[in-house]
Amino acid sequence: MTALDVRDLTVAYPQAHGRPFRAVERLSFSLRAGRTLALVGESGSGKSSVLKALSRLVRPAEGSILLDGREGVRGREYRRAVQMVFQDPFASLNPSHTVDHHLRRPLLATGRARRGAEADEAVAALLRQVNLTPAADVARKRPHELSGGQRQRVAIARALAPEPAVLLADEPVSMLDVSIRLEILNLLDRLKRERDLALLYVTHDLATARHFSSEIMVMYRGEVVERGPSDEVILDPRHPYTRLLAAAAPRTGASREEVREARRVRLESRARRDAERREVVVGEGCRFRPRCPFAMDSCARRPPEVQVAPPPDGDGGTGHRALCWLYADPAAAAGALPAAGPAAAVPPHRAAP
Amino acid sequence: MTTADITSADATHAPVPAAALPAGPSGGGPGARLAAAWRTVRRSRRLSAGLALIALFLLTAAVGPLLATDPQGFGTDLSQPPSGAHWLGTTQTGQDVFDQLMVSTRTSLLIGFAAALAATAISVVIGIGGGFLGGWSDEALSLLSNVFLVIPGLPLVIVISSYTKGGSLLATIGVIAFTSWAASARVLRAQTLSLRTRDYVLAARLYGERRWRIVLVEILPNEAAIIVSQFIFAVIFAILTQAGLAFLGLQNPSDLTWGNMLYFAQNADALSGGAWWWFVPPGLCIAVFGAAMSLVSFGLDEVLDPRLRVYRPARRGRAGRQRTAPRRTAPQQQAARRQEADR
């Protein structure tokens, strides 16, 4: 069942001079109850703008967000249904209030519990759900007495207090110690199953995106360039940008050579990205064109979103799609496209020693 | 589960640092809070010294006027130096300086605290209101505070108070508050601008917290330290301004304040006449009270911000440890020094 349906979402920020900057361009996707959708992309790709629009912190310039198939849901009902976990657990809790306050207020403000014993019980239940026990002791503490992982659990409990149907997680583990990342992600996964949550997991970590989500969308400069089942997108990336991303993330078992190569690719792409950020995309063409090793003449036009994986049983396929001309025109693709796989992400003329 | 272990282990000793904060732990009765506050005060010498001095002033303001026998009454002892009969001597017209000081303290402190309270209230409303609302209301409110900031304060005060002819106490308080809120309003606005986009404020907006609650409950407590220190300096400023006005003869001379005492001393040539007992006590009162308020402010900073805290072992502990601690042998000392160096 679709919990949140996003259609042609466009987020634009006014600029001092010139046209508004379009951070998200005609983005469509839907979140389903009990499923996790990962949104992957480098910084500046528009991930946070998507979250801000979904949490109604900014008003989208165009497009619509449908909650349970309805548009323009009233503020109060929408806030009950859509909640968010912030990236930095050290900034997302108010230093002058206790944990109890952080959980009690959303319960009362959204009318999920009445003042007094009922709220007490609800706060304790929330803390137990995120494995913060003994609940009574934790509730009395202030954020500065908790570790990063504990704080993030409190932040998750706060987001769960209004009993939302949709949970937006903005890089929930990127500020945490590596040793507790898995714990927090497993917690989110368990809560998703228990409460039948629709989870949007925003990250730039491909490995966790693959393990904790059923579907992945890869964003580049405000557009989704590739989407599909997570295993397919990560193991068999088709869009040149996704390949670059996959190549830039070294595997744990990578040899020293591979690590060095990956770092070189990463640094190079960062340098180019910085130079590119100020550049204005002209016209409708593919936004990845300046960095793409396979750029063709046709890339000056807006690329189509094409089905890349062959449908296994002719039943519409797995939904693995890429926004690229390479797959629109079989003739062009046959000539330009090397064998699939992460290793192929390095352009041939660069891979030569 | 690891977390459970950690939290349960914390529970045994965690309340100690929390209790040391003035805000105190959320649990515990008023007795526990009072004990926690007392420990906080004891931790900073500046704070305890400043609070002791202010307590003395407040006590004087409370009971002094009851002890004083007619401070305005003229006596037959003219311009007498301090003696058993007149502890701080007498004025040129035979008034008892000690009695005058007792009565002045109450009026001066009243003006200081009332004007500071009003000025702080205005700056909180305009600063935090503008910073939080943003947009046109912020533009208008910061324009207002900018205008008040560039108006030269003292001349305006002089103009207004000469218009009110010294006026009542209330007029004095109003004039001082009216001209002194702008700087704090700007500081609070800047702080609010930074706080309103913090994640915890966004989170409160996400779960649909009402605006006034976000301002009062989520933002205001995080600015409490700034507001308190601004209030303290506003008190000093108000007392100094009132003394300045009185010294210039712009206050109702029948109200006894420290400034008015200085005004009469100056008019009677006490300085050139060598009647130091007339002008030194009120001058000293102003200086000591200002210093005490500053001490409280610095002491609070020290207590609230752990980074400013100077580590100082308790006095009793220091003496005791020297006596009881076993003397280190030379190799032990070397080892200790090596450890220090490694660190």
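Strand 4 and strand 5 of chain A form a hairpin with two residues between them, and D68(A) in the turn has a positive phi of about 50°. Helices (H or I, at least four residues) and strands (E, at least two) are DSSP runs, numbered from the N terminus. This is a predicted model, in which local features need pLDDT of at least 70 and side-chain atom pairs count only at pLDDT 80 or more, while totals for chains, interfaces and linings use all residues. Residues are numbered from 1 along each chain as its sequence is written, and chains are lettered from A and ligands numbered from 1 in the order in which they are written.

**Strand pairing** (two strands pair if DSSP finds at least two bridges between them)

- Strand 4 (residues 62-67) of chain A pairs with strand 5 (residues 70-71) of chain A in the antiparallel sense, over two bridges.
- In this pairing, L66(A) stands opposite E71(A) of strand 5 of chain A.
- Strand 4 of chain A also pairs in the antiparallel sense with strand 1 (residues 2-13) of chain A, over five bridges.
- L4(A) has L67(A) in strand 4 of chain A as its bridge partner.

**Domains**

- Chain A is divided into domain 1 (2-213) and domain 2 (220-344), with bounds from an automatic or database domain assignment.
- Between them, 15 residues of domain 1 of chain A are in contact with 13 residues of domain 2 of chain A (C-beta atoms, placed from the backbone, within 7 Å).
- On the side of domain 1 of chain A that touches domain 2 of chain A, strand 2 (21-32) and helix 8 (206-212) of chain A each give two or more residues.
- The largest share of that side, five residues, comes from strand 2 of chain A.

Technical notes. Two residues are in contact if their C-beta atoms, placed from the backbone, lie within 7 Å.
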